[in-house]
Amino acid sequence: MAKNFSGSSVLNDDYYIDTDSSEEKDKAENGTQTRFLKCGKGKSSKITFKYIGKGIGQIAPKEKPKRKQLLVMDWKKFHRLSVIYSFLDHLEKDFPAICTVSVIGKSVEGRDIKMLKISNSNASNAAVWLDAAIHSREWISTAVVTYLADFIARNFQDLSNSVTNKDWYIVPVLNPDGYEYTHTRDRMWRKNRARRDGACVGVDLNRNFSCGWGNNGEEGSSDNPNSVFYRGPEPFSEPESSAVRDTILSSATAFKVFLSFHSYFELIIFPWGYKTDPCPHYLDLLEGASIMARVTTPFMKAAE
């Protein structure tokens, strides 16, 4: 939230960047610029902060910029990748005892894939994985996951042991190239931005994992690069899906929960997706999914 006091910009949260210069705009596009302010062309403005109340800071540039754009994280609208990454960085800054931001890999076009880990560093913790926007057009999934990250980080000390005894691994935008593309070119783009024969065809990252890859032919996925369900030339052919695999397999903490957020259907889906046989622990998963559905249904009805 931003308000003006005597011409100065006042924020109650420091989730902002400026994209005035072309250099900073490029950095903001790829998610690497989060905390600098540029005034004019190639000139840095010295910023002083005068705190006028709890959580409120007054920004007073000594050199008046030509144009200043403040990008603030909230859950009233959808945000670009730069704002989301700045939000993660500020959670780490505000809660250094429990929050750590890392880059788990690079996208096809070289963008960072950022992950937030929330943990009290207890060696007995189990790990929980949350990701969103593996299908880039599903913006609401990123909004949900960032809201959860914010809630857990800000209320960690008051939450129950069932929450605090977990290491939370949170990736709000697993498909950063596609996510940016939906904001700038094609709102309904679903896949990543992989190229084939010099042209961008994209791979459905959700169908690029190895379990049951291509087992059902054209049912559920496709070997046609022009299909929105194109599974790629081979399992884990894409750096984004490989980053998930490598992060989980290299973790010293055992993962007990893996949740990938989507927005196409109001469904809770668990294995298997490629065959009808019951998966291991089927009854436990069914019970857990039933509880999740029962808890979330009132909220979905309220939103209708």
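This is a predicted model: local features need pLDDT of at least 70, side-chain atom pairs count only at pLDDT 80 or more; totals for chains, interfaces and linings use all residues.
Is asparagine 122 buried, partly exposed or exposed, and at what relative accessibility? With a relative accessibility of 38%, asparagine 122 counts as partly exposed, because the buried class ends under 20% and the exposed class begins over 50%. The residue sits in the loop that runs between strand E6 (112-118) and strand E7 (126-132).

Now select alanine 126 and lysine 166. Lysine 166, in E8, is the bridge partner of alanine 126. E7 pairs with strand E8 (residues 166-171) in the parallel sense, over 6 bridges. Helix H3 (residues 139-155) packs on the sheet and touches E5, E6, E7, E8 and E11. The direction of H3 makes about 145° with that of E7.

Show the whole sheet next. This is an open sheet of 5 strands in the order E5-E6-E8-E7-E11, and its pairing is mixed. At the edges are strand E5 (99-106) and strand E11 (255-261); each has a single partner strand, so one side of each lacks a neighbour in the sheet. From one strand to the next, the twist averages 20°.

Then turn to helix H2 (residues 81-94), which lies across E5 and E6 and runs at about 35° to E6.

The last stop is helix H5 (residues 176-184). H5 is mostly covered, with 7 of its 9 residues buried. Among them are Pro176, Tyr179 and Tyr181.

How values were computed. Residues are numbered from 1 along each chain as its sequence is written. Side-chain values use heavy atoms; hydrogens and water are left out. Buried means under 20% relative accessible area, exposed over 50%, partly exposed in between (1.4 Å probe, protein chains only). Helices (H or I, at least four residues) and strands (E, at least two) are DSSP runs, numbered from the N terminus. Two strands pair if DSSP finds at least two bridges between them. Axes are lines fitted to C-alpha atoms, for helices over the stretch in contact, and angles run from 0 to 180 degrees between N-to-C directions. Contact means heavy atoms within 4.5 Å.
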